[in-house]
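Subject: Structure handover

Hello,

Here is the structure you were expecting. Please open it alongside this message. My notes follow below.

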Amino acid sequence: MRSEAEGAVPEEKEPVDSADETADDSEDDGKRKKKQGSFWKELPVLIVVAVVLALVIKAFAVQAFYIPSGSMENTLQVGDRVLVNKIVYHTRDIARGDVIVFNGLDSWDPEVQVDEPSNPVSKALRAVGTAFGVAPNEKDYIKRVIGIPGDHVKCCDAQGRVTVNGVPLEEKSYIFTDPVTHEQNKPSNDPFDVTVKPGQLWVMGDHRELSYDSRSHRGDPGGGTIPIDRVIGRAFVIVWPLDRLGTLPIPATFKQPALEKSGAAALPAAPYALGILCTLPLAYLRRRHHYKP
């Protein structure tokens, strides 16, 4: 006969364990829901921080721009988005061949007419879109720098080329070529002959037959040139669409050493020559005084 102890059924721990697990699961669910809730509460803050950072970067370093017209084809197409370096000209001067974005407010008429938004919401959306390069800004232009202060820019030579300080530019690598007929624009259909004044730039679009550039503004006070202080920055890369991703380097023709040896390069010699001429009388008088009997 078995004892009572032997016949006793052992206590089962499983129900207790299941209860503990259920409690743990409930606690985990609560934490998960709490985390999800806090994420949705923090999301607006994160968005605001991201927008503020983007606006700070846009204001001081890099800004995206939307290309609204074909004035820079084939280099830039309508709808392209480019990034503009706003710091580079604090470390170096603007160079011939740079693709720049500048503000034409009060100096040039807009190339593209953009309808003014009719309500505050549309205006806010337009401002945000312009800031992030997804909407056009009718006051900003994008062109290529052809002449810098002191340059003598002329068109055309015997072969129909634009010359800078007497040096012809070979522009076939970037001037617009029709994708159907494969015909390329002439460097310019209109002749011009200008000397770029201090603080100014002579700029032209790569689609010469379509671009409303310095050639079209020769009747303006600046004679077609634009003020350097209106330059926003240098466009250095295409970021959208992705199949057009690429950089915007300075074409090789603008790296010709002869460009620097003439024109602007001759200007610094004048003050030195004037200084020497001014010192000759002083040297003569000093010599006479020294040898005076």
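Two strands pair if DSSP finds at least two bridges between them. Strands (E, at least two residues) and helices (H or I, at least four) are DSSP runs, numbered from the N terminus.

This is a predicted model: local features need pLDDT of at least 70, side-chain atom pairs count only at pLDDT 80 or more, and totals for chains, interfaces and linings use all residues. Residues are numbered from 1 along each chain as its sequence is written, and side-chain values use heavy atoms, with hydrogens and water left out.

Overview

The protein has 5 helices and 12 strands. Of its 293 residues, 31% are buried. Buried means under 20% relative accessible area, exposed over 50%, and partly exposed in between (1.4 Å probe, protein chains only). The accessible surface is about 18,800 Å². Carbon and sulfur atoms account for 60% of that surface. These areas come from the Shrake-Rupley method with a 1.4 Å probe; for residues, only the protein chains shown count as cover.

Contact means heavy atoms within 4.5 Å. Take the contacts between residues at least 6 apart in sequence: 71% of them join residues at least 24 apart.

Confidence

pLDDT is the predictor's confidence in each residue, from 0 to 100. The mean for the protein is 77, and 60% of the residues score at least 70. Among the elements, β7 has the highest mean pLDDT, 98. Helix α5 (residues 269-290) has the lowest, 40.

Both ends need care. Where pLDDT is low, the predicted coordinates should not be read in detail.

Strands around β2 and β11

Start at β2 (residues 81-85). Strand β1 (residues 62-66) runs antiparallel to β2, with 5 bridges between them. Phe65 is opposite Val82 of β2 in this pairing. β2 also pairs with β11 (residues 231-240), again antiparallel, over 5 bridges. There, Val82 is opposite Ile238 of β11, and Arg81 is opposite Trp240.

Which residues of β2 lie on its covered face? They are Val82 and Val84. The uncovered face carries Arg81, Leu83 and Asn85.

Strand β3 (residues 99-103) pairs with β11 in the antiparallel sense over 3 bridges. Phe102 is opposite Val231 of β11. Strand β12 (residues 246-247) runs antiparallel to β11, joined by 2 bridges. In that pair, Val237 faces Thr247 of β12 as its opposite residue. A hairpin of 5 residues links β11 to β12.

The four-stranded sheet

Another set of 4 strands forms an open sheet, in the order β7-β6-β5-β8, with antiparallel pairing. Its edge strands are β7 (167-168) and β8 (192-195), each pairing on one side only. β5 (residues 152-155) and β8 are antiparallel and share 4 bridges. Val153 has Val194 of β8 as its bridge partner.

Nonpolar cores

A nonpolar core is a set of buried Ala, Val, Leu, Ile, Met, Phe, Trp, Tyr and Cys residues joined through side-chain atoms within 4.5 Å. In soluble globular proteins, nonpolar side chains tend to be buried together.

The largest core here has 16 residues. Ile146, Val153, Val162, Leu169, Phe192 and Trp202 have the most contacts inside it. β5, β6 (162-164), β8 and β9 (200-204) each supply at least two residues of this core. Apart from that core lies another, of 12 residues, including Ile67, Val82, Ile142 and Leu248.

What does Leu169 touch, leaving aside its neighbours within four places in sequence? Leu169 is in contact with Ile146, Arg161, Val162, Val164, Thr253, Phe254 and Gln256.

The disulfide

A disulfide is a pair of cysteine sulfur atoms within 2.5 Å. By this rule there is 1 disulfide. The bond joins Cys155 to Cys156, with S to S at 1.7 Å. The link is right-handed, with 55° about the S-S bond.

The two cysteines have their own burial classes. Cys155 counts as buried because its relative accessibility is 4%. Cys156 is at 32%, so this residue counts as partly exposed.

Best wishes
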